[in-house]
Amino acid sequence: MTTDNQIIIFDTTLRDGEQSPGASMNQAEKLRIATQLEKLGVNVIEAGFPAASEGDFEAVKAIAETLKTAQVAALCRANEDDIKRGWEAIKDAAHPRIHTFIATSELHMKYKLQMEPEKVLEQAIKSVKLAASFTDNVEFSAEDGSRSDRDFLCKVFEAVIDAGATTVNLPDTVGYAIPEEYAQLVTYVMENTPNMHKAVLSVHCHNDLGLATSNTLAAIKAGARQVEVTVNGIGERAGNTSLEEVVMSLHTRPNYFPQTTTIDTKRIYPTSRLVSMITGILVQPNRAIVGANAFAHEAGIHQDGVLKNPMTYEIMNPETIGLNKNNLVLGKHSGRHALNDHVQKLGYNLTKEELDRVFEKFKRLADKKKSIQDEDIEALINEGVLRSSETFCLEYIHVLSGNTVFPTASVQLNINGQPVQGATEGTGPIDAVYNIISKLTGTKSKLLRFTISALTEGTDAQGEVMVRLEEDGIVALGKGSDSDIIIASALAYINGLNRLEYLKKHPVVKHENL
Ligand code: KIV
Ligand code: ZN
């Protein structure tokens, strides 16, 4: 039940967010994020696009069967096959929603769809009617809405509401809108769609000009009551509106925005970390709300002020988003119980077996590193839980390097249960490791990017490596961490190869407009 002032948070991290290059997730990863989003208090979770691939269908189905309170939406193009497939995936959800869309701008109708406006209107009505025959929770999106003819947009919205749409969405698909102009469009649509009171008006913005959050907030001011967002703003090209920016804007400026959300803000930071960990997309340090520097004060005058009264330079309390500034947490003598407590505070619910694996890794790390921080624990979870049941696993690695030897790597992998080993040289230790792993796995991926950073302060910190791989046009990200940076590099590469394997087995059918 929503009140007039409650903004419906529709999260599309698992659908539009997954369209970020290389961010594909497997079913277990999607389920983990969906469960976290439900705990975060998201109202609608767009779980995927079931007609896009078998993998997407299965993931949406698993999410639909698991979630209890959040609505689960399936994206479908405005055609019979997509809608039937979408419904098949979500029909067992506690609260299913079919989300169907078709483009309404002249540019898209003429060049992409090659359809006359009247045909588009007809297709939209037919699709919404079909969706409404399955459920009374139907969303219709007018793709490229912000560049569509205003009166045609109102005509389409009026017709689809009559056909059974309960939410109509006005996307700024290409991130072209400017806040004032977008707000005026929202007002126009609300005033010129006669049956608008029978549906919720939603907005969906992309960040090509860096205006996605501003446009979304302007639309809320103008009367939109659903916002479509992603965690960390991930998404196609420059990304989507970020969940945390919109929610914290409403939360921090209640005098300006009387609107509220059901988001438990304390879960924002753990959710952001989880999404970054699973997708391998790093959060830039200066990112609003969730970036590493968002609450860091370098200038002496700021530090002095914050010590006297945090509100001098901090408009939000870091604890409000679940960021525990004093995150020096565990050490060598901490037990399984303390670890589990902390793991839960970070937003993860592990099974007993998962916790056992993480605890074993934790003990090994604690022998090498004095203080274990949140970042370390998350890295252990990433290594011990999120990447279980993969095709390639590292069993053994030995590397010779220095200024008087040819860098050489000996590696043993477990490939589908079989141990295989070998050794080879390279221009450096990482090149040697990557050469032998590529040979053992029989893969021919190209390394597009390699980055390394320290997870925490100090020379005993764990190194975190990110790689971006490409094979036959498929791009995947890989991530690895360890206190030995050569091992971290090997783990990142193997993780990337596993993701490529997954994508090869679950090809995503590329549609003309997704
Ligand atoms: O950006 C867009 O227009 C979309 C629609 C499918 C809602 O993602
Ligand atoms: Zn989009």
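**The interface between domain 2 and domain 3**

Mentor: In this predicted model, 10 residues of domain 2 are in contact (heavy atoms within 4.5 Å) with 11 residues of domain 3. The chain comprises domain 1 (8-279), domain 2 (322-384) and domain 3 (392-505), with bounds from an automatic or database assignment. A distance of 24 Å separates the C-alpha centres of domains 2 and 3. Together they bury about 830 Å², of which 46% is on carbon and sulfur atoms; buried area is accessible area (1.4 Å probe) lost on putting two parts together, summed over both. On the domain 2 side, Lys369, Glu375 and Glu383 lose the most area to domain 3, together accounting for 46% of what that side buries.

Of its 29 lining residues, Tyr269, Arg273, Ala292, Glu375 and Leu455 are the closest to the centre. A pocket is an open set of points on a 1 Å grid where a 1.4 Å probe fits, with protein on both sides within 12 Å along at least five of seven lines; lining residues have an atom within 4 Å of a point.

Local features need pLDDT of at least 70 and side-chain atom pairs 80 or more, while totals for chains, interfaces and linings use all residues. Residues are numbered from 1 along each chain, chains are lettered from A and ligands numbered from 1 as written, and side-chain values use heavy atoms without hydrogens or water.
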